[in-house]
Amino acid sequence: MKPLSFVVIGSGWRSMFYARIAKAYPDCFQLSAMLCRSEEKAELIREQHAIHTTTSVKECEELKPDFVVVAVNKASICQVTKEWAGKGFPVLCETPAAVELADLQELWRLVQEDSCKIQVAEQYFRYAYYESAIAVCRKGYLGNPYSVNLSAVHDYHAVSVIRRLLDIGYENVKVYGKKYIYPVVETDSRYGVIEDGRVSQRDRVRLTFEFEGGKTAFYDFDGIQYHSRIRSRHVTVQGERGELDGQVLRYVGEDHRAREAVMEMIPFDSGEGIREVRLRDEILYQNPFSEKCGLPEDETAIGTLMLGMRCYIEEGVEVYPLAEGLQDAYISLLMKEAAESGTVVESKSQIWTNKTI
């Protein structure tokens, strides 16, 4: 099968994820070009990464890629997505899809009324752990899961994971909580280990979600949590029949006796990347790629979304439905409002909420 060709709009840190995926899996993907804002940046990336770069929108259009990845800054994602979707290209846009409610609504209108093709590159639910945790919940081990404690991912990513763990779709929600600021020694970053003892002031946001169906979620995120060797991550899901605490599942069996099992994260033989996740004899997750490159989990999760673009383009089967990406971004706006104001903020049904997961 011919590799999917794509163009990346943007040349920042996130853009390079897509370049690494294409390089690792040339049988699946072909990066036709990366559109940069300046010739200096285009030349730098071209020399350092052997990527075809350009500053010409027309050149990117003439390449006729199968789809376009929009990986620009958050404030510009919506406008750039609209531009390329309006040209007739299927778009896979980075998160969040927009940072204003009116723009989220406009993206939905473009798909519904103008037949634009837009998907959102929300990757966290495709991580080996989260996909497995969601599978445990859907298989009924916990009964009906009604509560999540999440201290692992932020904003729209957290909303996506919470909604799927609790299986609440587009239920309205009340959000309340507060933002705190604490000092912390920096130990890691996007670019490597930090060992000079520097201290930074970081936001810590603690929020409670009360969904209209009665389920709850407790969100706790420290601004340094993604890149720190002294801040851990925690996930707990509870239902009437059990609890998933990290990788440990405790539940009541059909004989009413308590049981315990552990989700086993099995790496590739090379030691790089997760090959599969097992719960006793059940396979909860299988990596769709081979082990020959051993990409980190973020790239692997994004790669699965890119693979799904073929079915979306050819059959209309959504990868991560736009409605879900819009809901994630909308609730994220409410989270920010609740944390800044310290008041209860309540969602309202939006034009995309007649959709179901």
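Select strand β7, residues 145–151, together with strand β10, residues 216–222. The two run parallel and are joined by 4 bridges. For one of the pairings, pick Leu-150: its bridge partner in β10 is Tyr-219. Bear in mind as you go that this is a predicted model.

Now widen the selection to the whole sheet. Its 11 strands follow the order β16-β15-β14-β13-β12-β11-β7-β10-β9-β8-β17. The sheet is open, and the pairing is mixed. Which strands stand at the edges? They are β16 (282–286) and β17 (345–346), and each pairs on one side only.

Helix α7 lies across β7, β9, β10 and β11 (234–239). Its direction runs at about 155 degrees to β7. Helix α9 packs on the sheet too, touching β8 (173–185), β9, β10 and β17. The direction of α9 makes about 65 degrees with that of β8.

The crossing is right-handed. Show side chains at the contact. From α7, select Asp-155, Tyr-156, Val-159, Ser-160, Arg-163 and Arg-164. From α9, select Glu-324, Gln-327, Asp-328, Ala-329, Ile-331, Ser-332 and Met-335. Colour these residues by type: 5 are nonpolar, 3 polar and 5 charged.

Stay on Asp-155, which belongs to helix α7. Most residues other than glycine have a negative phi.

How many cavities of 30 Å³ or more does a search of the whole structure find? The search finds 2. The largest cavity holds about 60 Å³ of space. The largest share, 3 residues, comes from α7. By type, the lining divides into 8 nonpolar, 2 polar and 2 charged residues.

Move to the second largest cavity, with a volume of about 30 Å³. Select Tyr-25, Phe-268, Asn-287, Phe-289, Ser-290, Gly-294, Leu-295 and Thr-300, which line it. Here the lining has 4 nonpolar residues, 4 polar and no charged.

Turn to another sheet. Its 6 strands run in the order β3-β2-β1-β4-β5-β6. This sheet is open, and the pairing is parallel. At the edges stand β3 (53–54) and β6 (118–120); each has a single partner strand, so one side of each is left without a neighbour in the sheet.

Bring up helix α8, residues 297–315, which packs on this sheet. Helix α8 touches β1 (4–9), β2 (29–35), β4, β5 and β6. Its direction makes about 120 degrees with that of β1.

Zoom in on β4 (residues 67–70) and β5 (residues 91–93). These parallel strands are joined by 3 bridges. Pick Val-69 and then its bridge partner in β5, Leu-92.

For the last stop, follow the chain into the loop between β5 and α5 (101–114), where Pro-96 lies. Display the peptide bond between Thr-95 and Pro-96. Is this bond cis or trans? The bond is cis, with omega at about -10 degrees. Most peptide bonds are trans.

Technical notes:
Residues numbered from 1 in each chain as written. Predicted model: local features only at pLDDT ≥ 70, side-chain atom pairs only at ≥ 80, totals over all residues. Heavy atoms only, no water. Left-handed = near helix turned anticlockwise from the far one by under 90°. Contact = heavy atoms within 4.5 Å. Nonpolar A, V, L, I, M, F, W, Y, C, P; charged D, E, K, R; others polar. 1 Å grid on protein atoms, 1.4 Å probe; cavity = no way out; pocket = protein on both sides within 12 Å on 5 of 7 lines; lining within 4 Å. Points joined across faces, edges and corners; volume = space filled by probe spheres on them. Pairing = 2+ DSSP bridges. Axes fitted to C-alpha atoms, helices over the stretch in contact; angles between N-to-C directions.
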